[in-house]
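This report describes a single structure, shown below. It takes up a few residues, then a helix, and then the sheet.

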Amino acid sequence: MFDEHVFETPRHTTRYLAAGPEDGAPILFLHGWPELALSWRGQLPVFGGLGFRAIAPDMRGYGGSTVHAAREAYAVEEAVTDMIALLDHLGAERAVWVAHDWGTPVMWALAQHHPDRVHALAALCVPYLPEGLSVETAAPLADRDLYPEDRWPAAQWDYQLHYRENLDAAVAAFEADPAASVRALFRAGTPKSVGQPSMLASVRARGGWFDGASAPDVPRDPRVLSAEGERAYAEALGRNGFRAPAFWYLNAEANRAYAERARDAWRLRAPVLFLHGAYDGICETLTSRLAEPMRTWCEDLSETVVPSGHWMAQERPVEVNAALARFLAAKRPELWRVAPPPAGQGVRGG
């Protein structure tokens, strides 16, 4: 289905998975917290089979890529540099970039600073905020009918403040039982959650993600997490720890400064696809104003709602693949090596 590769430089090592012909147009899939390249297992063989060179790296701090010790190593600028180096290693000038969760701020920043390296952009769940993603940029756009400011000043982004204020406790709670943490985190979305405050809005008040304790021992949710995925996540996070993934949340000031350096390029001209998660309480975009900046700053924007929670690519691979395929067929048909799928036909993941 896909092969494993390692790209090493004195600065950083990136492990990545690849599928499809080596001379195919590259499409790079960037994961978020606390995932792996394997998170895109439902997309890599599909787009490789369609003639693209489908690539999914372990982002820095994850899996087989370098786990840097310093917090500052997880600023978005560092990850953008990793991705440009990887694209150079692949011998390509441009790529289609697809991203989820913390992969999306990397993708958006790359498009600001390196627009000449972009064919098209597709984001799952996290929309474009030109100033970068942080509590300071996201909370003002929250649904204040759902999250009254006097009770939830940071809205559902409260959990990010927990990392800032209680890093050691947050990390220790996850690391107490990595497998249980993985099973607790990777859960499918549900329509019942719509219109209800997310548990992430009260993480600090509850003393942590799991009410001040370690993760509960819940069954694996097969709608999102395969047995293979559970083993891979648990092994990697058990080996590398949760501290490096948590550091991604602790560079808001540096990330805003990096975005400010590209202010003249905030308006994105490449085609953009955004996939809303209908049941995503982590990054809710349908009743809040979180998607509004994206509609202002993206010249060629397409939007689709997927009936999923936050772990969209794993929970709803068919819908994600179909939306990506339709988008690329419409916006970048010159990149196809085989005929695009007929209109309305889904593209199934492995």
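## Thr137 in helix α4

Thr137 is placed in helix α4, in what is a predicted model. Thr137 counts as buried because its relative accessible area is 14%, and the cut-off for buried is under 20%. Its side chain reaches the backbone oxygen of Gly132 at 2.7 Å.

Gly132 is also one of the residues in contact with Thr137 once neighbours within four places in sequence are left aside; the others are Leu129, Glu131 and Arg256. Asp217 is 80 residues from Thr137 in sequence, and the two C-alpha atoms are 35 Å apart in space.

## Helix α5 and what covers it

Helix α4 (135–138) is also part of what covers the buried residues of another helix, α5, and this cover includes α6 (167–175) and α9 (243–247) as well. Helix α5 spans residues 158–165, and six of its eight residues are buried, so the helix is largely enclosed by the rest of the structure.

Which residues of α5 are buried? They are Asp158, Tyr159, Gln160, Leu161, His162 and Tyr163.

## The loop between β7 and α11

Two residues of interest, Glu284 and Arg289, lie in the loop between β7 and α11. Strand β7 covers residues 268–277 and helix α11 covers residues 292–297.

Glu284 is buried but has no salt bridge. How far away is the nearest side chain of opposite charge? That side chain belongs to Arg295, and the distance is 9.1 Å. A polar atom of the Glu284 side chain does lie 2.5 Å from the backbone nitrogen of Leu286. Not counting residues up to four places away in sequence, Glu284 touches Gln156 and Leu290.

Arg289 has a relative accessibility of 39%, so it counts as partly exposed. Its side chain reaches the backbone oxygen of Pro140 at 3.2 Å. With neighbours within four places in sequence left aside, Arg289 is in contact with Pro140 and Leu141. Pro197 is 92 residues from Arg289 in sequence, and their C-alpha atoms are 16 Å apart.

## The sheet

The structure has an open sheet of eight strands with mixed pairing, in the order β1-β2-β4-β3-β5-β6-β7-β8. The strands at the edges are β1 (3–8) and β8 (298–306), each of which pairs on one side only. Ignoring direction, neighbouring strands of the sheet are turned by 20° against each other on average.

Strands β1 and β2 form a hairpin, with four residues between them. They pair in the antiparallel sense over six bridges, and Asp3 stands opposite Ala18 in β2. Strand β2 is also joined to β4 (residues 53–57), by four bridges, and these two strands run antiparallel. Ala18 takes part here too, with Ile55 as its bridge partner in β4.

## Strand β2

How many of the residues of β2 are buried? The strand runs from residue 13 to residue 19, and seven of its seven residues are buried, so to speak mostly covered. Thr13, Arg15, Leu17 and Ala19 point one way from the strand, while Thr14, Tyr16 and Ala18 point the other way.

## Helices on the sheet

Elsewhere in the sheet, strand β3 (residues 26–30) runs parallel to strand β5 (residues 95–100), and four bridges join them.

Helix α3 (residues 103–113) lies across β3, β5, β6 (118–124) and β7, and runs at about 155° to β6.

## Gln112 in helix α3

Gln112 is placed in helix α3. Is Gln112 buried or exposed? Its relative accessible area is 5%, so Gln112 is buried. The side chain of Gln112 makes a polar contact with the side chain of Tyr128, at 2.8 Å. Leaving aside neighbours within four places in sequence, Gln112 is in contact with Tyr128, Pro130, Ala259, Ala262, Ala265, Trp266 and Leu268.

Definitions and conventions:
Residues are numbered from 1 along each chain as its sequence is written. This is a predicted model: local features need pLDDT of at least 70, side-chain atom pairs count only at pLDDT 80 or more; totals for chains, interfaces and linings use all residues. Side-chain values use heavy atoms; hydrogens and water are left out. Buried means under 20% relative accessible area, exposed over 50%, partly exposed in between (1.4 Å probe, protein chains only). Lys and Arg count as positive and Asp and Glu as negative; His and the chain ends are not counted. A salt bridge is a side-chain nitrogen of Lys or Arg within 4 Å of a carboxyl oxygen of Asp or Glu. A polar contact is a pair of N or O atoms within 3.5 Å; within protein, one must be able to donate a hydrogen and the other to accept it, and residues adjacent in sequence count only if both atoms are side-chain atoms. Contact means heavy atoms within 4.5 Å. Two strands pair if DSSP finds at least two bridges between them. Axes are lines fitted to C-alpha atoms, for helices over the stretch in contact, and angles run from 0 to 180 degrees between N-to-C directions.
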